[in-house]
2 protein chains.
Amino acid sequence: MRELNGRPVAEAIGEEIKEKLPGVEMMLGRKPKLAVIRCGEKPEDLSYERNAIRRIREFGMEAESIVFPEDVNDNIFQRAFGKINEDKRTDGILLMRPLPPQLNEGFIISCMDSEKDVDGISPVNAAGLYLGTDGFAPCTAQAVVELLKYYKISLAGKNVGIIGRSNVVGKPLSMLLLKEDATVTICHSRTAELQKVSRRADILISAIGRPRMINSDYIKRSCVVIDVGINTDRDGKLCGDVDFEDCRLKASAITPVPGGVGAVTTAVLAKHLLLAANRDLL
Amino acid sequence: MRELNGRPVAEAIGEEIKEKLPGVEMMLGRKPKLAVIRCGEKPEDLSYERNAIRRIREFGMEAESIVFPEDVNDNIFQRAFGKINEDKRTDGILLMRPLPPQLNEGFIISCMDSEKDVDGISPVNAAGLYLGTDGFAPCTAQAVVELLKYYKISLAGKNVGIIGRSNVVGKPLSMLLLKEDATVTICHSRTAELQKVSRRADILISAIGRPRMINSDYIKRSCVVIDVGINTDRDGKLCGDVDFEDCRLKASAITPVPGGVGAVTTAVLAKHLLLAANRDLL
């Protein structure tokens, strides 16, 4: 069994960024800059933000965090968001979601400048991905594709099973994988006989958010298993959707958690920031 | 084998429209109106336009056809399109595609008022369908769902195979069927061992445009077969993607061509027109 580590994938993306960055900096007269917008202090937001900012800086670009109280008023938030959205020195925006319930998330997202929308959440980028035109895909979904490509796991004609149909992972992944000529099956909580369906996949991607649910009963021999889940188990330990130990003798390759897809996601975010700062690179 | 005729489905949609139409007419002070925009005289466009206009009028609404020469200039077309798009007495627009190559189809579609976009081609409606918010789905894709519901063919948890990944049928259908809790597999020209994959489907939907390609080797016993193809065979006879005669003893139900999904599509168009004329009904 091959362990598909995210680190070398992230490093390769970093090399690509470092090569192109001087030209972009010259053109802009400054470093590309990401604004991370967060409401409240949810631990998972803080952790992702910390990783994202560290990665962006490590790759030689700028990132700043703009924090609102959890109970921020909708008007105040919208005005502040509008200013960041229009700021000429901000190239990319990462909005930590879900926003608190008093904010009109749908409206705010629809206002986001699609060229700054480095995590592909605006309707314009969603439509671009779905219709196959262009635009940014959500970083996690893109990270899965980057990882598969880095490890030269071919997708064309392969049966790829995706467990999860969210707007953040399942649906965008299905669109990205269709574009790579994979035959895509989207499973979810209502799928009947999930094990029977998931065992048909040459490549199985799990994005369900249940600690170690996917054991060896869910995979066929020599399957490639991609674990998008980031969960905390009963002992408070970070783990994925996949029972790594139980699958390791049956799968041909598995991504670990932590250190798998998650490690690539922030590198993709950095790459999107570079592209947002210079659309000519797209 | 049950033949899933489109006519009674269309009639049921017609009844629903006729029931709601008087209230909408009262509110508007006129009948809802569809503008069909066509460039050139392609036979398939003419045939679809004729059917669409007949259906709209049969259901008591108005439809008018606006025709441009095949070689219409981009500026002239855009100006004329803009006028129709803004016309307060036009509730729905059906744009016959593909547009001739000198026209900027992507730009024109992105300008379309999404509330008049009764065939769900604008990016706003595409994003709405993909993100599961709201908006019009393309009529053909919606017609498949209406037909399945009319015949009480349950979708939740079923394995649905879609052959074809177009923006007009395959992709929107996958989104509509996910919403109905089906487990969706999207196949296409690059799918390896298509027969093996398609034989797993409880419900198989073909939208590939190859005359009678889907024979009994492609379906499992008791499968429900939905034929979205409208093709002309070597003898110039109208036929679907499915070899009806070859599949009839193995399938539990099949839609005929003509008289299947196609018959429902224009009824869905009429329903979308009514909804476009009165968003409160949505």
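Modeller: The model is a predicted one, and I begin with a residue beside the part you ask about. A:Asp181 counts as partly exposed, because 18 C-beta neighbours lie inside 10 Å of this residue, whereas a buried residue would need 20 or more. The position of A:Asp181 is the loop between helix 7 and strand 6 of chain A. Its phi is positive, at about 70°, although A:Asp181 is not a glycine.

Chain A contributes 25 residues to the contact, and chain B contributes 25 residues. On the side of chain A that touches chain B, at least two residues each come from helix 5 (123-131), helix 7 (170-179) and strand 6 (183-187) of chain A. Helix 5 of chain A gives the largest share of that side, with six residues. Sorted by class, the side of chain A that touches chain B comprises 13 nonpolar, eight polar and four charged residues.

Strand 6 also takes part in pairing across the two chains. Strand 6 of chain A pairs with strand 6 (residues 183-187) of chain B in the antiparallel sense, over three bridges. Within this pairing, A:Thr185 has B:Thr185, in strand 6 of chain B, as its bridge partner.

The relation between the copies comes next. Chain A is superposed on chain B by a rotation of 180° with 0.0 Å of shift along its axis, at an RMSD of 0.0 Å. The two copies are therefore related as by a two-fold rotation axis. Both copies use the same surface, since 100% of the contact residues of chain A recur in chain B.

From the contact I turn to the interior. In soluble globular proteins, nonpolar side chains tend to be buried together. Here the largest nonpolar core has 178 residues, and A:Val144, A:Ile205 and B:Val144 are those with the most contacts inside it. Residues up to four places away in sequence being left out, B:Val144 touches B:Leu173, B:Ile205, B:Ile226, B:Val228 and B:Val261.

Chain B also holds an open sheet of three strands, in the order 3-2-4 and with parallel pairing. Strand 3 (62-68) and strand 4 (92-95) of chain B stand at the edges with a single partner strand each, so one side of each is left without a neighbour in the sheet. On average, and with direction ignored, neighbouring strands of this sheet are turned by 20° against each other. Strand 2 (residues 33-39) of chain B runs parallel to strand 4 of chain B, and four bridges join the two. Along this pair, B:Ile37 stands opposite B:Leu95 in strand 4 of chain B. Helix 3 (residues 74-86) of chain B packs on the sheet and touches strand 2, strand 3 and strand 4 of chain B, while its direction makes about 170° with that of strand 2 of chain B.

One residue of that helix shows the packing in detail. B:Phe81 is part of helix 3 of chain B, and it counts as buried because it has 21 C-beta neighbours inside 10 Å. Leaving out residues up to four places away in sequence, B:Phe81 touches B:Ile37 and B:Ile108. B:Phe81 and B:Ile93 are separated by 12 residues in sequence and by 9.8 Å in space, C-alpha to C-alpha.

The corresponding strands can be described in chain A. Strand 2 (residues 33-39) and strand 4 of chain A pair in the parallel sense over four bridges, with A:Ile37 opposite A:Leu95 in strand 4 of chain A. Strand 4 (residues 92-95) of chain A is covered on both faces: A:Gly92 and A:Leu94 are buried on one side, and A:Ile93 and A:Leu95 are buried on the other. In the loop between strand 4 and helix 4 (105-111) of chain A lies A:Pro98, which is joined to A:Arg97 by a cis peptide bond with omega of about -5°.

A:Asp45 belongs to helix 2 (residues 43-58) of chain A and counts as partly exposed, because 17 C-beta neighbours lie inside 10 Å. Its neighbours within four places in sequence aside, A:Asp45 is in contact with A:Arg38 and A:Met96. A:Asp45 and A:Met175 are 130 residues apart in sequence and 26 Å apart in space, C-alpha to C-alpha.

Notes:
Residues numbered from 1 in each chain as written. Chains lettered and ligands numbered in written order. Predicted model: local features only at pLDDT ≥ 70, side-chain atom pairs only at ≥ 80, totals over all residues. Contact = placed C-beta atoms within 7 Å. Nonpolar A, V, L, I, M, F, W, Y, C, P; charged D, E, K, R; others polar. Pairing = 2+ DSSP bridges. Least-squares fit on C-alpha atoms with pLDDT ≥ 70 in both. Axes fitted to C-alpha atoms, helices over the stretch in contact; angles between N-to-C directions. Buried ≥ 20, exposed ≤ 12 C-beta atoms within 10 Å, placed from the backbone. Core = buried A, V, L, I, M, F, W, Y, C linked by C-beta atoms within 7 Å.
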